[in-house]
Amino acid sequence: MFAGHFEVAGLAKARRPDIPLAALLVATQLPDLLVHRPDMPFLPGDIGALPLMGAGLWEAPTVAALVEGLLVLAGAGAYAWRTLREEPRRVRAWGHSAGVAILLVGSFAFDLLG
């Protein structure tokens with residue numbers, strides 16, 4: 001399972017896996033910056049007492065749902081693009097892409113409906 005994540009992230013074939021891994025780490029923090037209210041320290045332990053970060057989208061549920069929906073669509077589209085580009089068997093690629101899209105949209109719908 002983890003091999004697939006490394007494959008998608010480009011880590012399996014990278015000469016310097018530290019660069020894509022660092023980019024992946026930063027990419028996982030970007031959604032947190034969008035949704036958290038300004039309560040996230042810039043450095044661990046709030047070293048230096050720098051201003052706290054966060055855009056606070058949780059305070060506006062409609063906007064948060066719109067942004068999350070766009071992220072879900074972007075993720076499903078990116079997966080489909082990569083799968084259709086790399087998989088020689090088109091039916092299998094479309095099936096995998098549709099399955100991932102259904103899971104992502106279903107997760108988003110359950111989030112909205114509570």
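Biologist: What should I know before reading the numbers?
Modeller: This is a predicted model, in which local features need pLDDT of at least 70 and side-chain atom pairs count only at pLDDT 80 or more, while totals for chains, interfaces and linings use all residues. Residues are numbered from 1 along each chain as its sequence is written, and side-chain values use heavy atoms, with hydrogens and water left out.

Biologist: How much of the protein is buried?
Modeller: Of the 114 residues, 16% are buried, meaning under 20% relative accessible area with a 1.4 Å probe, protein chains only.

Biologist: Which residues are buried in α4, and what covers them?
Modeller: A93, S97 and F108 are buried in α4, and their cover includes α3 (61–86).

Biologist: Why does the span of α4 agree with its length?
Modeller: Helix α4 (residues 90–113) has 24 residues, so at 1.5 Å a residue it should span 34 Å, and its end C-alpha atoms are 34 Å apart. The expected span is 1.5 Å times one less than the number of residues.

Biologist: What follows α4?
Modeller: G114 follows α4, with a positive phi near 85°.

Biologist: Switching topic, what lies over the face of W81?
Modeller: R85 does, at 4.4 Å from the ring centre; the criterion is NZ of Lys or CZ of Arg within 6 Å of the ring centre and within 35 degrees of the ring normal.

Methods
Buried < 20%, exposed > 50% of the residue type's maximum accessible area, 1.4 Å probe, protein only. Helix = DSSP H or I, 4+ residues; strand = E, 2+ residues; numbered from the N terminus. Contact = heavy atoms within 4.5 Å.
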